[in-house]
Amino acid sequence: MKKKIYHATIHYKWRTIRYVKGVAKPSKTWKEEKYETVVTELDVDVLNSDERFLNKLSNKHKSSNEIGVEVTNVVMINYLCMSRDVY
């Protein structure tokens, strides 16, 4: 099955999550960032459910704690091509 490939700017928010006695304590403030990347899906709900993509975004932030990431917007979309070799 062929998939469309886009170059897009992804706007997302992230925060650190600490664990105190086994209970998750996320920080109260979200930080906004943007990231230019190549994606195959443009829907925010699909990107938020894609664990590989969220891990890619969380690895950008160096922290010994867990990072929580939420994609908020997809902007500046450029269609690149179609390919069958996309996972």
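**Fold, core and helix packing**

From the N terminus on, the elements of the protein follow the order β-β-β-α-α-β, giving two helices and four strands. The model described here is predicted. Along the principal axes, the C-alpha atoms fill a box of roughly 50 × 25 × 20 Å. Of contacts between residues at least 6 apart in sequence, 71% join residues at least 24 apart.

The protein has 87 residues, of which 24% count as buried. The accessible surface amounts to about 6300 Å², and carbon and sulfur atoms account for 48% of this area. Among the charged side chains, 16 are positive and 11 are negative; the centres of the two sets are separated by 5 Å.

The largest nonpolar core contains 14 residues, and those touching the most other members are I10, V39, L47, F53, L57, V69 and V71. At least two residues of this core come from each of β1, α2 and β4. The greatest contribution is that of β1, with five residues. With neighbours within four places in sequence left aside, the contacts of I10 include the core residues V39, L47, F53 and V71. I10 is also in contact with E33, K34, Y35, T37, N73 and V74.

Helix α2 spans residues 51–58, and its buried residues are F53, L54, L57 and S58. These residues lie on the same side of α2, because the arc they cover around the axis is only 135°. The exposed residues E51 and R52 are carried by the face of α2 turned away from the buried side. Cover for the buried residues of α2 is provided by elements including β1 (3–20), β3 (31–39), α1 and β4 (66–83). Two of the buried residues of α2, F53 and L57, are also among the core members that touch the most others.

Helix α1 comprises residues 44–49 and includes V44. Beyond its neighbours within four places in sequence, V44 is in contact with V71, T72, N73 and V74. The residues V71, N73 and V74 are likewise in the contact list of I10. Between V44 and K56, which are 12 residues apart in sequence, the C-alpha to C-alpha distance is 16 Å.

Definitions and conventions:
Residues numbered from 1 in each chain as written. Predicted model: local features only at pLDDT ≥ 70, side-chain atom pairs only at ≥ 80, totals over all residues. Heavy atoms only, no water. Contact = heavy atoms within 4.5 Å. Buried < 20%, exposed > 50% of the residue type's maximum accessible area, 1.4 Å probe, protein only. Arc of directions from axis to C-beta. Areas by Shrake-Rupley, 256 points an atom, 1.4 Å probe, with all protein chains shown as cover. Lys, Arg positive; Asp, Glu negative; His and termini not counted. Charge placed at Lys NZ, Arg CZ, Asp CG, Glu CD. Core = buried A, V, L, I, M, F, W, Y, C linked by side-chain atoms within 4.5 Å.
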